[in-house]
Amino acid sequence: VGNPALRPEYAKQYNIGTGYTKSSSGFLQFFSLQVDAYYTHVKDKIVASPGRNFQWMMQNIGSVDIYGIDASVQLSPVLLQPVKTDFSVKYTYQKALDKSNPAEVNYKDQIAYIPVHSGSFIAHASWNRWDVNYSFIYVGERYFLNTNIPLYYMEPWYTSDASVTTSLLFGRKLVKLTGELNNLFNQYYDVVINYPMPGRYYRLTASINF
């Protein structure tokens, strides 16, 4: 969009990881741990950023080195019979450095909109026809341009969302009702500069399976 001279990107990635999974009939019915470390070199990396008049622009970054670690834990403990519970925690560490030109002021700076630290926590509980979900997302500090100076700094943000879902029979049709409370703590944040996200808001949805 907006750049007819856009070049394709080429990447070489090296990854090493390990994982462990266990299931049982005891207190901890399921446990999973996964850790991956990787290095990626990207030539002509394609990135999108908002340009003038709020139009997205695609552009290339000549050379980018990315160093990262992804870690996740999933578990299903029995906290209260007969309620089923599941928890998930994920964390990402990522350094995405512009290595295009050693003479430029932004050489080895973090590229735009990529946080060094990010993660999430998700909790789910189900009983009979009821499901309760909670999710927490965290995105660390970023810069909205490739030059890492205070003028282009964006603060970390987080958001919490909760929902309750139930199902019932209406005649011979299955009706699913969901109530959501999003951005629970009414935090102001921008995913992209000058594009503020909604504050606390509510949503009620219904679906029918014929």
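Predicted model: local features only at pLDDT ≥ 70, side-chain atom pairs only at ≥ 80, totals over all residues.
**View 1. Tyrosine 14 and tyrosine 39 form a stacked aromatic pair.** By the ring-centre rule, the count for the structure comes to nine aromatic pairs. In the pair shown here the ring centres of tyrosine 14 and tyrosine 39 are 6.3 Å apart and the planes stand at 10 degrees, so the pair is classed as stacked. Because tyrosine 14 belongs to strand β1 (residues 10-23) and tyrosine 39 to strand β2 (residues 28-50), the pair ties together parts that are 25 residues apart in sequence. Together with Tyr67, Tyr14 and Tyr39 form one aromatic cluster.

**View 2. Tryptophan 157 stacks with tyrosine 189.** The centres of these two rings are 4.4 Å apart and their planes are at 15 degrees, so this pair, too, is stacked. Tryptophan 157 sits in strand β9 (residues 157-170) and tyrosine 189 in the loop between β10 (173-182) and β11 (190-192), so that the pair links distant parts of the chain, 32 residues apart. Tryptophan 157 is buried with a relative accessible area of 8%, and tyrosine 189 is buried with one of 10%.

**View 3. Nine strands make up an open antiparallel sheet.** The strands follow the order β1-β2-β3-β4-β5-β6-β9-β10-β13. At the edges stand β1 and β13 (201-209), each with a single partner strand, so one side of each is left without a neighbour in the sheet. On average, and with direction ignored, neighbouring strands of this sheet are turned by 15 degrees against each other. Strand β3 (residues 56-77) is joined to β4 by 12 bridges, and a hairpin of six residues connects β3 to β4.

**View 4. Aspartate 98 is buried and has no salt bridge.** This residue is found in strand β4 (residues 84-98). The nearest side chain of opposite charge to aspartate 98 is that of lysine 99, at 9.1 Å. Leaving aside residues up to four places away in sequence, aspartate 98 touches several residues, including Ile61, Ser63, Tyr107 and Asn146. Lysine 99 itself meets aspartate 65 in a salt bridge, at 3.0 Å from N to O. That pair links distant parts of the chain, with aspartate 65 in strand β3 and lysine 99 in the loop between β4 and β5, 34 residues apart. At 8% relative accessibility, aspartate 65 counts as buried.

**View 5. Arginine 203 and glutamate 180 meet in a salt bridge.** A search of the whole structure finds three salt bridges, and in this one the distance from N to O is 2.9 Å. Arginine 203 lies in strand β13 and glutamate 180 in strand β10, so the pair ties together parts that are 23 residues apart in sequence. The two residues also stand opposite each other, in strands that pair in the antiparallel sense over nine bridges. Arginine 203 counts as partly exposed at 42% relative accessibility, whereas glutamate 180 counts as buried at 19%.

Technical notes. Residues numbered from 1 in each chain as written. Heavy atoms only, no water. Phe/Tyr/Trp six-rings, centres within 6.5 Å; stacked < 30°, edge-to-face > 60°. Helix = DSSP H or I, 4+ residues; strand = E, 2+ residues; numbered from the N terminus. Buried < 20%, exposed > 50% of the residue type's maximum accessible area, 1.4 Å probe, protein only. Lys, Arg positive; Asp, Glu negative; His and termini not counted. Salt bridge = Lys/Arg side-chain N within 4 Å of Asp/Glu carboxyl O. Contact = heavy atoms within 4.5 Å. Pairing = 2+ DSSP bridges. Axes fitted to C-alpha atoms, helices over the stretch in contact; angles between N-to-C directions.
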